[in-house]
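This briefing covers charged side chains: how they pair, and where like charges gather. Please have the sequence and the model open.

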Amino acid sequence: MNILVLGSGGREHTFAYKIVQSSLCKKLFVAPGNAGTAKIATNVAISVTDFAAIKELVINEKIEMVVVGPEDPLVQGITDFFAGDNDLKNVAVIGPSQEGARLEGSKEYAKEFLFRHNIPTASYQSFTESTVNEGKQFLETLNAPYVLKADGLAAGKGVLILQDIEEAKTELENMLTNKKFGSASEKVVVEEFLDGIELSVFVLTDGKNYVTLPTAKDYKRIGEGDKGLNTGGMGAISPVPFADDDFMNKIEEQIIKPTVQGLAREDIDYKGFIFIGLIKVGDDPKVIEYNVRMGDPETEVVLPRVKTDLVSLFKHVSDQTLNEINIEIDPRSATTVMTVSGGYPEAYEKGKEITGIELISDSIVFHAGTKMEHDKIVTNGGRVIAVTSFDDDFRKALVKSYNSIEKLYFDKMYYRKDLGFDL
């Protein structure tokens, strides 16, 4: 079948890398794609939220399956757009309905869902500009540090964790009154801080059945030792060493099952990925957040470990027969290290030539922010290239990734050299 992947990052290059290995894939399109996807698929210069142009492409190229990478088109309702269009309703879309996507599109909605289904999470309250003073009073009832979350989508940067109560009150005002994160912070969720170690669990569901994909841990801060500004992610490790069988059993019984059953009970159409951001507090898991798609750069370590044909998995999702397939996972560890543009996550330059990719043989190179320009691969984003490696344990895999990165070059290239320091 002809398949379309929507998106342009490392996650989408990883999807493309797995999809073209499937005998079920006849032709693969990626919109808009990057320099990496251009080598294995047909890139199409269409925005992921231009539904009319996507429809035209799907019809013209006889595309039978659309895999949605980023959250924006899901939150804007692309799945409903396909379901409600006579020309598109038979196309399989891997991604939840607009209602399901609210789990990521609204922090408040997600919190309410978690409480409704008795899924363990931090206590919280929500505030708007008109209740900013109540928000400041609520902060007084909490112990430091203070967690402020913009309710809407803020590209992974809308969460502040602050030690000082006065700074927390000032930032709450900045978010609500001065719209620090634009419309995303018209409402802010203030919640108790959970102290522990984080991990991500990925689930693929057809709305009734589910398969649990490998666990991963990503590193969000730009600086070593998890210091500095939040980024989209500087690297990831899979599996997470501390997520043993007992802990995974707790996650399944207390979090995964009630999440999938809760979506079904509320009649929310959900065929796609659920990314559950968790924290281990003592010996117990608690939910920090939901995302309604695969994470990036976690995808670059999770999907390469999935040995089962990915398109076959997606067909089972579309047919609601995931219970009929056994998923096979590579037992080895995978690590990915993200190289980023100098200055990221603040101002950075694009258009820097990237060299050395063809010299890398021990690792898989996934393009994130790249494009072709005059037959050269150049930087086209903050996060540029992810380098993924396998080995018996994550430390050995990291050594491979770092050795491979030494062959890469672009002006002002930066990457963290301490991934796994907390494991």
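Which side chain meets that of Lys307 in a salt bridge? The partner is Glu328, at 3.7 Å from N to O; a salt bridge here is a side-chain nitrogen of Lys or Arg within 4 Å of a carboxyl oxygen of Asp or Glu. This is a predicted model, in which local features need pLDDT of at least 70, side-chain atom pairs count only at pLDDT 80 or more, and totals for chains, interfaces and linings use all residues. Residues are numbered from 1 along each chain as its sequence is written, and side-chain values use heavy atoms, leaving out hydrogens and water.

**Salt bridges**
- The structure holds 29 salt bridges.
- Lys307 is in the loop between helix 11 (299–302) and helix 12 (310–319), and Glu328 is in the loop between helix 12 and strand 18 (333–340), so their pairing ties together parts 21 residues apart in sequence.
- Helices (H or I, at least four residues) and strands (E, at least two) are DSSP runs, numbered from the N terminus.
- Lys111 and Glu191 also meet in a salt bridge, at 3.0 Å from N to O.
- Lys352 pairs with Glu349, their closest N and O atoms being 2.6 Å apart.
- Salt bridges with shared partners join Glu349, Lys352, Asp411 and Lys412 into one network.

**Accessibility**
- Buried means under 20% relative accessible area, exposed over 50%, and partly exposed in between (1.4 Å probe, protein chains only).
- Lys111 is buried at 3%, and Glu191 is buried at 5%.
- Lys307 is partly exposed at 48%, as is Glu328 at 45%.
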